[in-house]
Amino acid sequence: MSKLFNCLENELAEIYDAEKQLTKALLKIANSAQHDELKTAFFSHQAKTEGHVRRLEIVFGILGIKISDRRCRAMQALIAECEARIAENLGDAALICAAQKIEHYEVATYGCLRSWSQLMDFDEAADLIEETLDDENDADEHLTALAVQIVNPDAGDPDEDEEMDIAHAARQGTPGRD
Ligand SMILES: [Fe+2]
């Protein structure tokens with residue numbers, strides 16, 4: 001076996017575990033999102049992620065690779081960061097940032113997997129990997145659009161409690177808080 005085939009085997013095992021971790025994590029992430037559009041985007045990507053797991057199983061079959069139980073620590077850490085943002089209650093802007101780090105990790109991995117598969121003439125595997133790569137890029141772009149158009153502008157507004165404090169202070173004739 002070539003070194004490149006070993007690279008392919010290792011990275012496939014890692015991303016397979018990563019996708020499986022994500023199928024669970026995305027449910028929690030989706031349920032934590034405050035904007036309906038973002039919630040829908042996360043639930044929709046969760047369904048796609050189930051498909052990514054199945055697609056990888058087909059790739060393993062095509063390449064004759066046995067599925068290993070390798071753990072993807074990078075995805076564990078990225079998911080832990082998402083969970084930390086949820087616990088910090090910083091809202092959807094922070095959640096999108098953490099989720100986009102996950103998408104970029106996946107884009108980097110699938111990009112390498114596709115290139116290596118093409119180089120070794122595993123065309124069918126390369127095409128399947130490219131389909132998932134396209135899904136990940138679409139998800140990333142959609143998150144950027146939601147952040148720019150809806151989530152970030154909302155996060156830039158004073159929150160409701162602060163607005164009530166300012167209105168109350170104005171009625172009392174005292175300056176509002178900074
Ligand atoms: Fe995925």
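**Exercise 1. Find which residues have the most contacts inside the largest nonpolar core.**

Solution. The largest nonpolar core holds 36 residues, and Leu12, Ile29, Cys82 and Ala99 have the most contacts inside it. Such a core is a set of buried Ala, Val, Leu, Ile, Met, Phe, Trp, Tyr and Cys residues joined through C-beta atoms within 7 Å; buried means that 20 or more other C-beta atoms lie within 10 Å of a residue's own, with C-beta atoms placed from the backbone. Next, look at the helices (DSSP runs of H or I, at least four residues, numbered from the N terminus). H1 (3–32) is among those giving two or more residues to this core, and its share, ten residues, is the largest.

This is a predicted model, where local features need pLDDT of at least 70 and side-chain atom pairs count only at pLDDT 80 or more, while totals for chains, interfaces and linings use all residues. Residues are numbered from 1 along each chain as its sequence is written.

**Exercise 2. List what Cys82 is in contact with, leaving aside neighbours within four places in sequence.**

Solution. Contact means C-beta atoms, placed from the backbone, within 7 Å. On that basis, Cys82 is in contact with Ala25, Ile29, Leu95, Ala98 and Ala99.

**Exercise 3. Work out how H3 and H4 pack.**

Solution. Start with the axes, lines fitted to C-alpha atoms over the stretch in contact, with angles from 0 to 180 degrees between N-to-C directions. For H3 and H4 the angle is about 170°, and the axes are 8 Å apart. The two helices are therefore roughly antiparallel, a label for angles over 145 degrees. Finally, the contact includes Cys82 of H3 and Ala99 of H4.

Key: Buried ≥ 20, exposed ≤ 12 C-beta atoms within 10 Å, placed from the backbone. Contact = placed C-beta atoms within 7 Å. Parallel < 35°, antiparallel > 145°, perpendicular 65-115°, else oblique.
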